[in-house]
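I set out to record what I looked up in this structure, entry by entry. The notes below follow the order in which I worked.

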Amino acid sequence: MKNAIAALVLLLVTACSGASHGEQQGTPQPQPTLLIQSRGAVVPLTAAVRQIAFRPVIPGAQIAAVALIPPLGGADSRKTHGLAIEYARDGAALLLSQWPRPGFPLSVNGVDLTASPCAPVAYKSDGLLWTTRNGLVMTLQPDGSLAASRLAREAERLLGSAGCRKKGR
């Protein structure tokens with residue numbers, strides 16, 4: 001009876017380890033570093049939402065990671081820090097960052113984003129920035145390379161979720 005129990009335990013341990021007798025364990029493959037990891041503290045989405053003072057836009061796509069990110073200006077507090085979401089959409093990895101609009105004007109290349117909400121502007125060669133009517137500042141950039149036209153289409157898709165629906169849509 002003891003031999004039967006010992007054999008059963010050995011069988012279960014071998015099965016649970018994922019390796020059978022004689023198999024070599026492969027070296028673990030390095031995981032790619034996500035762009036979001038350089039932006040802030042990666043946390044679960046539910047924990048992140050509890051640490052911000054605004055209702056974030058959640059892209060309707062496969063979320064890879066979420067991070068709390070530093071504010072655009074001023075002291076870092078629940079009222080000022082932002083949220084970044086890295087996600088996959090149509091084979092592209094994208095990083096959407098969002099913050100509550102700060103109390104100072106925002107402009108890029110002479111365009112006052114505070115006065116012109118819902119109009120994405122290139123703030124760098126592969127990044128778009130816009131403000132929303134409901135008080136957010138948002139950026140969108142790829143994690144890797146992506147055609148500017150695809151980035152613009154994704155920004156347009158996100159605008160509706162960000163309170164930027166145009167009349168007649």
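**Entry 1**

I noted that the model is predicted: local features need pLDDT of at least 70, side-chain atom pairs count only at pLDDT 80 or more, and totals for chains, interfaces and linings use all residues. Residues are numbered from 1 along each chain as its sequence is written, and side-chain values use heavy atoms, with hydrogens and water left out.

I placed Asp90 in the loop between β3 (82-89) and β4 (92-100); strands are DSSP runs (E, at least two residues), as helices are (H or I, at least four residues), numbered from the N terminus. The phi of Asp90 is near 50°, a positive value in a residue other than glycine.

I then turned to Asn109, in the loop between β5 (107-108) and β6 (111-112). Its phi is positive, about 50°, although Asn109 is not a glycine. Asn109 counts as exposed because its relative accessibility is 71%.

I asked how many residues of strand β8 (residues 127-131) are buried. I found five of its five residues buried, so I recorded the strand as mostly covered. Gly127, Leu129 and Thr131 point one way from β8, and Leu128 and Trp130 point the other way. In a regular strand the side chains alternate between the two faces of the sheet.

I followed the pairing next; two strands pair if DSSP finds at least two bridges between them. Strand β7 (residues 121-124) runs antiparallel to β8 and is joined to it by three bridges. Lys124 has Gly127 of β8 as its bridge partner, and two residues separate β7 from β8 in a hairpin.

On the other pairing, β8 and strand β9 (residues 136-142) are antiparallel over four bridges. Trp130 has Met138 of β9 as its bridge partner. This hairpin has four residues between its strands, and Gly135 in the turn has a positive phi of about 90°.

**Entry 1: Thr131**

Thr131 counts as buried because its relative accessibility is 0%. Leaving aside neighbours within four places in sequence, I listed its contacts (heavy atoms within 4.5 Å), among them Arg101, Leu106, Leu113, Cys118 and Cys164. A polar atom of the Thr131 side chain lies 2.5 Å from the backbone oxygen of Leu113.

Methods:
Buried means under 20% relative accessible area, exposed over 50%, partly exposed in between (1.4 Å probe, protein chains only). A polar contact is a pair of N or O atoms within 3.5 Å; within protein, one must be able to donate a hydrogen and the other to accept it, and residues adjacent in sequence count only if both atoms are side-chain atoms.
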